[in-house]
Amino acid sequence: MSLISILLIVTAVLTVSSGLLSLFGSSRGDRGRSAWLLVSNIGAVIWALSIGIYLALPATADPIAPNVILGIYTGAMVMSTALLGYMSWKYIWGKVATVFFILWAVVLAVLLVGDRGLLYTSYTLSNAGNTVELINGWYYWCYTIFFVLNISAFLFATYYHAKHANNKRVRNGDYILLGGLAISGALSATFDLFLPLMGRYDSIWVGPLSVSISMLAYFYAILKYRIISVSTGWLRVMAYVVILTTGAAIYMLLFYIVFTALFKIPNPSASVLVLNFLMIVIVLLLMPVINEVNASVRSMIMVGQVDLAYVIKKLNRIATKNVDLRDLAGFLADHLHFAYVGFVINGRLYGSKPLAVSTDELSKISHLRSVANGVWQEPTKAVKEILDELDLKAVAELKNAKGKPFGQIIVGKPLGKSNFERRDLVQLEMIVNLVAMVIDSEKHLRA
């Protein structure tokens, strides 16, 4: 079986999986609309699988070839009419248009089942490539006009739905679907309607593959914009598997295009395919680790600005574990880009690095006057001298959920700057409040 046939089968399975996820993840009031999307995905699966199977049929498969060809042309009609229903059924004109195209598709399908000779004169199964000799007659042009008008109606309905959507997230998802299917519609018209009529049947896979990728991109969009709720565990696992496998399929498609362009070989060997598949699976499985390392390194080297999103994400993760205050201080010093960060709790100092501070000096810092608003404490003259001697710049209170102070955080000078800017203080105040929640104050007060 060729790589293209494998990709068609894989993307077909992914497409119907995304349709099922959309149906089960949608709200009760939106289930009817999602059912249209599932039917469309099933039609796309029939279309893609039929093409994948037909291109892979051996020369001895004459008995089943006519049924596979029937699946190619009826599956595409199911997909396009259901897509129109998905986007326009809520409108009266949409119901009329969808019913009209359903009836048109049924008539074409019934005629084709009754007489295959309306569509093609013969088909050829050979090692050089499987083809279908289409008839340039009234039936094929009715079929072509059906798709041109149906896809045009769908694109208009999608644009209309997006313009009248009250929810920005729904609107963004509609625009992604509009753009993706406008491109795949043009590709399908070229490679699945016009070129086959001219005898070029070898590229008929482009249409279903591009449509499947567009549908999967839309599925990613409805996840990203929270158009559906993936709340249960099995839905989250399925969604994750669909997204990862889609990434692998896109990689294999790009590999196929580059490989054939460079080496002029129709199909890579099985060993090359297996190696590439294993490599992309390994990369995808390691992606969370790669992203984490990349975010950590980027956060540390961005001296002069703080990657707040990463710091907050990390603090939220730390909050679920037993907190080691020295490790926490080291993390903050690295990612907030300060020469020193330390916590003063119960008369003890937990710092990002050793600091030569006496018990008396620590006592004076810990007895600074509490502040009613904000977190920054005003140093006394004696404490200011201590801070200057230790090259420290500021002291902030740590308060528990009840607003009761339980310790302090002291910071050194910001790296790459001579002093604090207002932005530094605002960012630090947010971090200080979050750190206070992370630290188990009661545990350390008892220590």
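Start by selecting helix 12 (residues 359–366) and helix 13 (residues 381–389): the two pack with their axes 10 Å apart, at an angle of about 120°. Helices here are DSSP runs of H or I with at least four residues, strands are E runs of at least two, and both are numbered from the N terminus. Axes are lines fitted to C-alpha atoms, for helices over the stretch in contact, with angles from 0 to 180 degrees between N-to-C directions. So helix 12 is oblique to helix 13; under 35 degrees would count as roughly parallel, over 145 as roughly antiparallel, 65 to 115 as roughly perpendicular, and the rest is oblique. Helix 12 passes helix 13 in a left-handed crossing, that is, the near helix is turned anticlockwise from the far one by less than a right angle.

Before you pick side chains: this is a predicted model, where local features need pLDDT of at least 70 and side-chain atom pairs count only at pLDDT 80 or more, while totals for chains, interfaces and linings use all residues. Numbering runs from 1 along each chain as its sequence is written, and side-chain values use heavy atoms, leaving out hydrogens and water.

Now show Glu-361, Lys-364 and Ile-365 on helix 12, plus Val-383, Ile-386, Leu-387 and Glu-389 on helix 13; these make the contact (heavy atoms within 4.5 Å). By class, that is 4 nonpolar, no polar and 3 charged residues. Nonpolar covers Ala, Val, Leu, Ile, Met, Phe, Trp, Tyr, Cys and Pro; charged covers Asp, Glu, Lys and Arg; the others, Gly among them, are polar.

Next, jump to helix 3 (residues 65–88) and helix 5 (residues 138–163), whose axes come within 8 Å and cross at roughly 25°. That makes helix 3 roughly parallel to helix 5, and this crossing is left-handed too. Among the contact residues are Tyr-73 and Met-77 of helix 3 and Phe-146 and Phe-147 of helix 5. The class count is 14 nonpolar, 6 polar and no charged residues.

Which residues have the most contacts inside the largest nonpolar core? Select Tyr-54 and Tyr-73, in a core of 66 residues. Such a core is a set of buried Ala, Val, Leu, Ile, Met, Phe, Trp, Tyr and Cys residues joined through side-chain atoms within 4.5 Å, buried meaning under 20% relative accessible area with a 1.4 Å probe, protein chains only. Helix 3 gives the largest share, 14 residues.

Last stop: a second, separate core of 32 residues, including Phe-338 and Tyr-350.

Technical notes:
Buried means under 20% relative accessible area, exposed over 50%, partly exposed in between (1.4 Å probe, protein chains only).
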